[in-house]
Amino acid sequence: MSRGVLSGIRERLAVHALEYPIPARANRWDFMLGALTLAALTVLGLTGIVLTQYYNPAPLGAHDSLRYIITELPVVTWLRDFHVWSASGAVMLVFAHLAAVFWRRGFRSPREVLWWSGVLLLAVLFGLAFTGTVLRADQEAVEALAHAVAGAQLAGPAGAPFRPDFTPSSPILTRMYGLHVSVLPLALVSILALHLWLIRHLGVSATGEARAAFLTHLRPLGGFVLVLVAAVAALSLAWPASLLQPGVEGFEVTKPFWAFLWIYAAENLFGMAGMLVAPSVLFGFLALVPLADRSEGLGARITRIAGVVLFSLMLAAIAYAALAPAQSHLDMPM
Ligand code: HEM
């Protein structure tokens, strides 16, 4: 393509608008973790659209539709594996992003709302991971749903939509599908729009006077995104996602998706109350961070130590729950 045509396209797409200055130090990898999370979310969205063409959200058809994909449609099967691996990638990347932002105190004034919008994004991401697990309608899914229903009972009126008897006209699996493909993605996109708006207008917290054009940030980022997508695509080929036998209610024999193992560990230790206590501690702490660490001093030190302890506890709880034998939390046979 000639230079003239290229510059014509650049002009019509207003590419020059991407040349605004950003701190040169923001060109480091630890300032790219948020955008890499966004790349994983984009893959999730695209592969999810394909999966909705073949998935049946009716309780009696859900497991069969996945079995059909796995046995009859190799390309869609690979896209399903890609979807599942991208979900793991998005959760790992979002925590890496959160840890990096926490460590460099990117939540300090004027970025408090930017941080809180991130906390909401994390909650929505957990919601997507949970509803996605339930859609498999296999043994792990049925047990995850039974846990949610028990948690909803503990939560009182706020948990009503998660009870099977919330409405007689639509089964809970179908309602979970609605959450997974419409309510939660819409919430994610809306909150993400706020997150990105604030980043654009408040800038990131990288220090130093040196400036670089935002376009120079996009080039290395593009390289990282390609490597990430290729790695997840290769993992999906090498280790296909599992699908257990159709779920039977009343048994507890599986463990949840790894991203929920820290909650499972809390249930091992404190019973079903652990299911509400562990997320409340995590999200309560994250919500308080910008208020507790506003300037140098005791508050800043306590917040940093508490963050490191909490993060280490979460990792230890995930490792413990992965290695410990499966336990019953709902007094069901194992
Ligand atoms: C769906 C998940 C998320 C996406 C796609 C996302 C995206 C981004 C992007 C692209 C940036 C620009 C710079 C960078 O990558 O470091 C950023 C910055 C930031 N994000 Fe996120 N983010 C997400 C989740 C979170 C979470 C969970 C938190 C914290 C609880 C958070 C808090 C922040 C803050 C405070 C900044 C500014 C950092 C600074 O100025 O140092 N984000 N995010």
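Biologist: In which helix is the place of Leu276?

Modeller: Residues are numbered from 1 along each chain as its sequence is written. This is a predicted model, in which local features need pLDDT of at least 70 and side-chain atom pairs count only at pLDDT 80 or more, while totals for chains, interfaces and linings use all residues. Helices (H or I, at least four residues) and strands (E, at least two) are DSSP runs, numbered from the N terminus. Leu276 belongs to the run of residues 273–292, helix H10.

Biologist: Is Leu276 buried, partly exposed or exposed?

Modeller: A residue is buried if 20 or more other C-beta atoms lie within 10 Å of its own, exposed if 12 or fewer, and partly exposed in between, with C-beta atoms placed from the backbone. Leu276 has 17 C-beta neighbours inside 10 Å, and therefore it counts as partly exposed.

Biologist: Leaving aside neighbours within four places in sequence, with which residues is Leu276 in contact?

Modeller: Two residues are in contact if their C-beta atoms, placed from the backbone, lie within 7 Å. The C-alpha atoms of Leu276 and Gly151 are separated by 7.0 Å, although these residues are 125 apart along the chain. With neighbours within four places in sequence set aside, the contacts of Leu276 are Gly151, Leu154 and Ala155.

Biologist: Which domains does the domain assignment give, and what distance separates their centres?

Modeller: Domain bounds come from an automatic or database domain assignment. That assignment gives domain 1 (20–90 + 112–250) and domain 2 (255–326). Taken over C-alpha atoms, the separation of the two centres is 21 Å.

Biologist: Which element gives the largest share of the side of domain 1 that touches domain 2?

Modeller: In this pairing, 14 residues of domain 1 are in contact with 11 residues of domain 2. On the domain 1 side, two or more residues come from each of H5 and helix H6 (139–154). The largest share of that side, seven residues, is supplied by H5.

Biologist: Leaving aside neighbours within four places in sequence, what is in contact with Val134?

Modeller: Val134 is among the residues with the most contacts inside the largest nonpolar core. Once its neighbours within four places in sequence are left aside, the contacts of Val134 are Ala141, Ala144, Leu145, Leu173 and Met176.

Biologist: Which element supplies the largest share of the shell around the ligand?

Modeller: The ligand is surrounded by 29 residues, the closest being Gly34, Gly106, Gly118, Val204 and Ser205; a residue is near a molecule if its C-beta atom, placed from the backbone, lies within 6 Å of it. Helices H2 (33–52), H4 (74–103), H5 (112–135) and H7 (172–202) each supply at least two residues of this shell. The largest share, seven residues, is that of H5.

Biologist: What backbone feature joins Ser109 and Pro110?

Modeller: Most residues other than glycine have a negative phi, and most peptide bonds are trans. Pro110 is placed in the loop between H4 and H5. Omega is about 10° between Ser109 and Pro110, and the feature joining them is a cis peptide bond.

Biologist: Is Ala137 buried or exposed?

Modeller: Ala137 is found in the loop between H5 and H6. Its phi is positive, about 55°, although Ala137 is not a glycine. Because 27 other C-beta atoms lie within 10 Å, Ala137 is buried.

Biologist: Which elements do the buried residues of H8 pack against?

Modeller: The buried residues of H8 are His217, Val232 and Ser236. These buried residues pack against strand S1 (21–23), H2 and H4.

Note on methods: Core = buried A, V, L, I, M, F, W, Y, C linked by C-beta atoms within 7 Å.
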